[in-house]
Amino acid sequence: MKNNTLSKLGGTLSILVGVSYVLVGIAYVLMPTDQRPGSDVAQFLPSFAQNPMWLLLEYWAFALGALLALGAVLAISETVRPANEGWVRWASSLATVGFAVTAINFFRLLALQPARAAAYVAGDASIKAAIAATQESLSLDPQGWLGFGAVGLWVLVVSLLALRAGAWPKNLAYVGIAVAIAYWLVVAGYVFNIETLILIAASLGGIILGPIWYIWTGLRLRQAG
């Protein structure tokens, strides 16, 4: 008898990942502009110390969502594995690394960022200079090549294979391709310091397309299980 526990668990996890992406997108849109990527440290840390709620929500949603996604990747990849096992295994391995780095990175930020912001606000000029000088090194994936770029590649691979093999509804595969583009917009926004690209990815990909893809895929997995 076929064991359907992977489909059931992976489907549930995928739905929860979709919910976490909604929270990320909402938090990004509502957080103060001084806390968004590209902000100067002298503006970011005092703003975060004064009003940390939305950025902390984003950190928690990213961290927990990435842990949930580790199981979703396995189940989603399995649905298209027969179409091209080599590509699926490679791409899903990259996605696993990407989500693992994302989880570690945001749990690290949750632990360190509040104390750094408080120390910056309370410190003298030398302390402010020291904290500002190390701010960029706080992130493990500062330009998002793993957390967004590698995960986007995985979404593109499974969506294209599903489209070619007819494993999913065509609209679901097309949404997946759009989600992959949204992931890469985040990377481009960080690399070229274009906050507008990140805002587009957060609002369109984070609040709309990403949740649709993960939740729809999760529902199909649970139905299959």
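**Exercise 1.** Classify Arg 36 as buried or exposed, then describe its salt bridge.

*Solution.* Step 1: Arg 36 has a relative accessible area of 13%, so it is buried (under 20%; exposed is over 50%, partly exposed in between; 1.4 Å probe, protein chains only). Step 2: its salt-bridge partner is Glu 195, with the closest N and O atoms 3.7 Å apart; the criterion is a side-chain nitrogen of Lys or Arg within 4 Å of a carboxyl oxygen of Asp or Glu. Step 3: the two residues lie 159 residues apart, Glu 195 in helix H8 and Arg 36 in the loop between H1 and helix H2 (41–50). Helices are DSSP runs (H or I, at least four residues), numbered from the N terminus.

The model is predicted: local features need pLDDT of at least 70, side-chain atom pairs count only at pLDDT 80 or more, and totals for chains, interfaces and linings use all residues. Residues are numbered from 1 along each chain as its sequence is written, and side-chain values use heavy atoms, without hydrogens and water.

**Exercise 2.** Locate Asp 141 and find the nearest side chain of opposite charge.

*Solution.* Step 1: Asp 141 sits in the loop between helix H5 (125–134) and helix H6 (145–165). Step 2: Asp 141 is buried without a salt bridge, and the nearest oppositely charged side chain, Arg 108, is 12 Å away. Lys and Arg count as positive, Asp and Glu as negative; His and the chain ends are not counted.
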